Amino acid sequence: MNNQQHAKQKRNDWFLFCWRHRITFRRKEMKIFCFLFPVILFKTFASVEKQVVSAFLAVDSHGKGNPDAVKALSMLDELDQKSILPLLTAMNQANPIGDNWIRGAINQILKSSKSQPFPSSEIKDFIQNKENIGSSRKSAFELLQDFRPKLASSMVPKLMNDPEPSLRREAVARLLKQASTALSDSETKKLYTRALTEARDAEQIKQASNALKEMGQEINLVALMGFLTKWELIGPFDNKERAGFGKTYGPETTNKESYPGKNGPVQWSTFSTSDSFGMLDINQKFGEIKEVLAYGKTNFYSDKAQKAQFRLGSKNAWKIWVNGELLFARDEYHRGGTRVDQFILDGALRKGKNQIMVKVCQNEQTQHWTKQWEFCLRVTDPSGRAIKQAKKK
Amino acid sequence: MKKIVLSIPFFFFISVHADWLSFRGSNGNGSSDFKIPDTISLNGVKSWSTDLPGRGLSSPVVVKDSIFLTASSGSSQKVLHILAFNSENGRLKWERKFKATGRTVCHDKTCVAASTLASDGQVLIAQFSSNDVICLDLSGNLKWVRGLAFDHPNIANGLGMSSSPVIAAGTAIIQVENDADSFSFGLDLGLGTTKWKKERPRGANWTSPITLRSKGRELVALQSKQGLIALEPETGQRLWSFEDGASTIPSSAWTEQGILLIPSNGMTALKLDSNMEDFQQIWADNKLKPGTGSPCSRDGKLYVINSANVLTCASVKTGEIKWRLRLQGPISGSPILTEEKLVVFSESGLGQVVKLDTEEPKVIQTIDLEDTILCTPAMTKDALVVRSDQKLWKLSN
């Protein structure tokens with residue numbers, strides 16, 4: 001073997017060595033890769049999903065968290081329909097704004113992964129699982145209505161006793177429709193009666209009670225809806241140039257029998273209403289006077305400490321306190337009429353006596369549609385069912 | 001000659017848009033270079049109508065070959081819809097739904113989808129009476145969301161809000177002004193973060209901001225019962241103000257003459273300098289007081305419809321009234337116009353086409369949609385687009 005042949009042989013040997021080792025190396029590499037790929041993919045997927053969820057949960061008031069949420073939206077291409085359920089679950093912890101970000105994200109995922117099977121049964125299970133919060137379940141139901149309307153429709157009757165008012169409303173709406181097309185009076189009456197019992201939404205209650213009234217049945221809406229009709233009232237206090245709304249008069253800070261009013265000393269006196277929707281017309285007490293305000297207070301007895309909704313209607317400016325704490329205030333006059341459940345305020349009741357106080361203001365406007373000085377109030381649980389008062393002790 | 005030269009920058013900036021991008025069109029004054037068809041018909045070759053999934057009196061906007069619209073549905077109108085339709089055939093391209101996070105109580109005549117979308121040709125800004133603001137791209141992908149009532153629970157109006165947003169200098173301008181908390185916001189178009197927030201006069205205000213354009217510069221004017229202020233859109237910095245009061249329902253209009261028409265003391269005209277740094281009031285006339293609809297302007301003329309349904313044409317420069325024409329009302333929407341014609345819909349759904357290029361203006365065509373129409377129509381290059389609570393129509397030859 002001459003030098004040239006030797007060199008060639010060496011090159012060939014080297015080539016073969018490299019080739020074999022490359023193959024061996026590639027095989028090994030491939031084996032490792034094949035083993036790790038699903039793990040990496042899953043981890044990447046899970047990591048992206050986690051980042052996306054985390055960004056949407058961090059969204060808060062005043063646009064806080066928006067930059068990260070915008071980034072999260074750009075990562076959605078890496079997710080598929082398997083992420084819909086985790087995103088719906090994330091809604092349980094999201095505030096209402098985060099909820100809307102998640103809705104947008106789910107839409108985008110559904111659009112980009114149309115070829116994948118829609119997770120109908122998982123979403124159905126999610127809706128049925130009442131450990132998920134009501135608004136998330138409602139979002140899931142809307143998704144089902146859009147993508148699997150028949151399945152959503154088949155679930156409606158089972159939503160009748162749902163703690164989430166918006167889902168319950170679906171079932172009651174169907175019952176009301178059935179009642180309106182029922183063939184016999186007895187069936188109509190039976191269906192409307194059931195609708196009235198199950199309804200929590202004020203409009204649905206009105207619809208069922210009106211139908212039953214037309215059929216000659218008397219309905220005690222005050223008791224059914226939990227309107228507070230017996231109050232103590234004091235006034236008038238001055239509200240010239242609408243300044244009284246922000247002024248702290250005596251009833252807001254002390255518990256006396258009498259205070260200086262607009263035209264001299266004023267005292268608490270009983271005031272009640274027999275209106276079907278618990279409307280308290282303050283003009284009846286003081287006459288149609290302007291630039292004034294009055295306070296009403298009442299006690300509500302609860303058999304336990306519980307979450308409650310204070311559902312107030314008024315076209316006047318108002319404030320409401322529960323057990324001395326200001327729950328909400330609204331400085332607006334005569335923009336539309338007074339409506340039942342116009343303002344739904346989340347709060348809480350203590351066990352035993354709870355004092356509720358409202359401040360209702362009248363402004364200077366003289367048009368005929370500005371003469372009302374009124375309010376109505378009911379106390380419900382978070383589903384909208386009237387909380388029955390416990391006996392006074 | 002000097003006047004002509006001065007008017008060029010204003011004119012240039014007003015004529016660049018081919019789409020219908022916001023309330024009262026891309027110029028914000030109801031005018032368009034498109035042509036209103038000779039005869040608009042429900043049965044035209046390019047006409048169509050389609051059912052809508054919810055209520056609304058927001059106007060459609062048009063970008064390229066799509067028509068975009070908002071609607072609200074469900075219990076207490078808590079479902080907010082943003083819809084895209086194919087302009088050619090009316091087919092739904094996409095629909096996005098969001099949840100109202102603020103108050104949705106409205107007067108029966110209006111609804112939660114009262115504000116018209118704004119677009120810059122790239123994104124859509126949707127504002128609802130619940131004070132939810134949603135930014136999508138033209139394919140319906142979410143860009144960002146804000147819930148202004150979540151930040152400020154008292155920004156609501158018992159009758160409903162209706163101010164439409166505008167986009168200027170990369171900023172979405174959102175007016176949420178009412179008797180209780182009253183603000184205007186400049187939101188970053190890319191992120192939805194707050195660039196600026198301004199305390200505004202307390203008092204219900206249904207007017208929309210308008211964009212003033214000159215020499216490549218954009219300002220935004222906010223109207224309220226106190227008058228009107230001009231701001232730098234990016235910073236919210238106040239440049240000047242007109243403080244003689246203004247309407248809280250019809251909005252102002254910017255004209256190609258660099259004259260700002262404000263529904264104040266009837267109608268007031270402010271002539272701005274070419275940099276828009278200062279103004280001079282040139283006339284005011286209480287005979288030009290608009291009803292519910294906002295004024296529109298084109299080719300040196302302004303048009304207002306008063307509460308008695310009388311359409312009045314006047315000179316933008318002098319306020320001199322040229323003619324009057326009684327229309328069939330009542331009319332809630334604002335008129336829109338092209339070089340030759342003006343169109344407005346009455347509340348009962350009667351579309352009225354007025355020919356403008358004569359000394360004797362007249363209604364040359366009516367079309368009855370037999371539905372309640374409260375919105376201002378929009379235009380594509382060959383048709384009118386209008387909506388009711390139930391339907392969206394494209395009306396062509």
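I start with the pairing rule: two strands pair if DSSP finds at least two bridges between them. Helices (H or I, at least four residues) and strands (E, at least two) are DSSP runs, numbered from the N terminus.

Housekeeping next. I am looking at a predicted model, where local features need pLDDT of at least 70, side-chain atom pairs count only at pLDDT 80 or more, and totals for chains, interfaces and linings use all residues. Residues are numbered from 1 along each chain as its sequence is written, while chains are lettered from A and ligands numbered from 1 in the order in which they are written.

**Entry: confidence**

I looked up the scores for the complex and found an ipTM of 0.92 and a pTM of 0.90 from the predictor. A contact here means that the C-beta atoms of two residues, placed from the backbone, lie within 7 Å.

**Entry: chain B overall**

I get 2 helices and 32 strands in chain B. The radius of gyration of chain B, taken over C-alpha atoms, is 19 Å, close to the 21 Å from the globule rule for 397 residues, so chain B is as compact as a globular protein of that length. That rule is 2.2 Å times the number of residues to the power 0.38. The C-alpha atoms of chain B fill a box of roughly 55 × 50 × 35 Å along the principal axes. I find 58% of its 397 residues buried. Buried means 20 or more other C-beta atoms within 10 Å of the residue's own, exposed means 12 or fewer, and partly exposed is in between, with C-beta atoms placed from the backbone.

How many bridges join β3(B) to β4(B)? I get 8 between β3 (residues 66–73) and β4(B), and the two run antiparallel. F68(B) stands opposite A84(B) in β4(B). The two strands make a hairpin with 5 residues between them, and G74(B) in the turn has a positive phi of about 85°.

On to the next pair: β4(B) and β5(B) are antiparallel over 7 bridges, with L80(B) opposite F98(B) in β5(B). Their hairpin also has 5 residues between the strands, and G90(B) takes a positive phi near 80°. I note that β4(B) (residues 79–86) is largely enclosed by the rest of the structure, because 7 of its 8 residues are buried.

**Entry: where the chains touch**

The contact takes 28 residues from chain B and 30 from chain A. On the chain B side, β5 (92–99), β9 (142–147) and α2 (148–151) each give two or more residues. β9(B) gives the most, with 5 residues.

**Entry: chain A**

I count 12 helices and 12 strands in chain A, with 36% of its 393 residues buried. Four strands form an open antiparallel sheet in the order β5-β12-β7-β10. The edges are β5 (280–281) and β10 (343–349) of chain A, each pairing on one side only. β5(A) pairs with β12 (residues 374–380) over 2 bridges in the antiparallel sense, and D281(A) has E374(A) as its bridge partner there.

Most residues other than glycine have a negative phi, and most peptide bonds are trans. I found a cis bond between G235(A) and P236(A), with omega about -5°; P236(A) is in β1 (residues 230–238) of chain A. Another cis bond joins G329(B) and P330(B), with omega about 0°, and P330(B) sits in the loop between β25 (321–326) and β26 (336–337) of chain B.

Is R24(B) buried or exposed? R24(B) is buried, because 30 other C-beta atoms lie within 10 Å. Phi of R24(B) is near 60°, a positive value in a residue other than glycine. N309(B), not a glycine either, has a positive phi of about 70°. N309(B) counts as partly exposed, with 17 C-beta neighbours inside 10 Å.
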